[in-house]
Amino acid sequence: CLPGMRFYRRSRLMVIFVIFAGGLLLLINTTLYLNASKDVRSVRKRQPFEWSTVEHVPMHRQPISTSKVQLEAVNKNYIATKKNVNAVRVVDSRPLPVLISVKTGLAYHQTRVSLLLQTWFNYAPNETYFVTDTADENITTRIAGDHLVVSKCGGGHQRLSLCCKMNQEFEVFYHFGKSKDWFCHVDDDNYVNIPKLVHLLSQFDPKENFYIGRSSTGRTMKIYWEGRIVPPELENIKRDPFWFATGGAGFCVSRRLLDRMEPYVRNGKFVQLCRFTGLPDDCTVGFLAESVLGASLTQSRLLHSHLEMQRVPSDQLKEQVTFSYGRLGGRDTLIPVDGPFTKEEDPTRFKSYHCLLNPQVKWCPT
């Protein structure tokens, strides 16, 4: 019996030792984890923020989970600016009633998107999403990570690539805009006067079918139905010519109309609709709104692509909702604003217009 007793005692001692060693290792790992978490929190607290305040521009709420939308996010924390960017943050707990989607691509991140982040984006950072084709840490370190939505659409300006991105823009609204009354699309070469946009939308009831924008053609579009294979859901729609709002000036759609659009645009169906129409994305939105769903385009002269801007009187510049820039007839078409930057310093005139609206911004010359 004695050898058996000794073996039993040794076995019990070994079990006790293993349990003690395991507990000690667990305690060490827990201590290391807590110290690391403390370091991360202290780094986050040291992130630079250089804010100035502006009145009457509501803004802030926490980012929403991104589980239902395919995103590539680099930084989930809300970082609105870097040390070298004098951004404007408005401390206001009221959210805007609109979700704004900006269509862009990697080729324009460092030029167009960076300019938007320096200017009007700061008035609606939690309501503005950029739909692009490639992840970019240089952008996601300046905005909430889930506000750069990386689609699987191709780059460039091919028709179906743009339709694919518009499809993703709708998906972003249906996921992130559940509490919003309006969805507004703009391009990455649009300046958006956020207070005036909110004022414009306040004049319409989002519970009604509103499709607000501006036609750049001055005439309706028509689809030729002969020889087309018509999907069952489109067989009984009216086949009259329709108006569309050009994406180059931006357009907005009410919650009521968006709810009715949902069966036609979710899960890749908007791309299928583009294939059927054979038209660009903004024309197809007009076809869906007017021909399929029976809404009518409400035209606003406060929205501008690069085609109409020269007609805006200088004393009405502050009242406009959107502007763009480009070339027409061999000449640059720019916001007709004087200074404070030269055309070499500000070739798009966006910074000069931003300073006209917000002279208190730190980087605006006095």
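How many aromatic pairs does the structure hold? The predicted model, in which residues are numbered from 1 along each chain as its sequence is written, holds 17 aromatic pairs (rings of Phe, Tyr and Trp, the last by its six-membered ring, with centres within 6.5 Å; planes under 30 degrees apart count as stacked, over 60 as edge-to-face and the rest as tilted). Local features need pLDDT of at least 70 and side-chain atom pairs count only at pLDDT 80 or more, while totals for chains, interfaces and linings use all residues; side-chain values use heavy atoms, with hydrogens and water left out.

The rings of Y191 and F350 have centres 5.7 Å apart and planes at 80 degrees, so this pair is edge-to-face. The pair links distant parts of the chain, Y191 lying in strand β5 (residues 191-192) and F350 in helix α9 (residues 350-357), 159 residues apart. Helices (H or I, at least four residues) and strands (E, at least two) are DSSP runs, numbered from the N terminus. Y191 is buried at 2% relative accessibility and F350 at 1%, where buried means under 20% relative accessible area, exposed over 50% and partly exposed in between (1.4 Å probe, protein chains only).

Ring pairs also link F170, F173, Y174, F183 and F270 into a cluster. F270 is one of the buried residues of helix α7 (residues 269-277), together with V271, L273, C274, F276 and T277. The buried residues of α7 pack against α4, α6 (255-265) and α8, contact meaning heavy atoms within 4.5 Å. After α7 comes G278, with a positive phi near 70 degrees.

The largest pocket has a volume of about 520 Å³. A pocket is an open set of points on a 1 Å grid over the protein atoms alone where a 1.4 Å probe fits, with protein on both sides within 12 Å along at least five of seven lines; lining residues have an atom within 4 Å of a point. The lining comprises 28 residues, of which K103, R112, H157, L162 and D187 lie nearest the centre of the pocket. At least two lining residues each come from α4 (159-176), β4 (182-187) and α8 (281-292).

The charged end of R112 sits over the ring of Y108, 4.0 Å from its centre (CZ of Arg or NZ of Lys within 6 Å of the ring centre and within 35 degrees of the ring normal). H109, in helix α2 (residues 109-118), is buried with a relative accessible area of 1%. Beyond four places in sequence, H109 touches T104, S114, T132, T134, D136 and I139.

Note on methods: Grid points are joined across faces, edges and corners, and a volume is the space filled by probe spheres set on the points.
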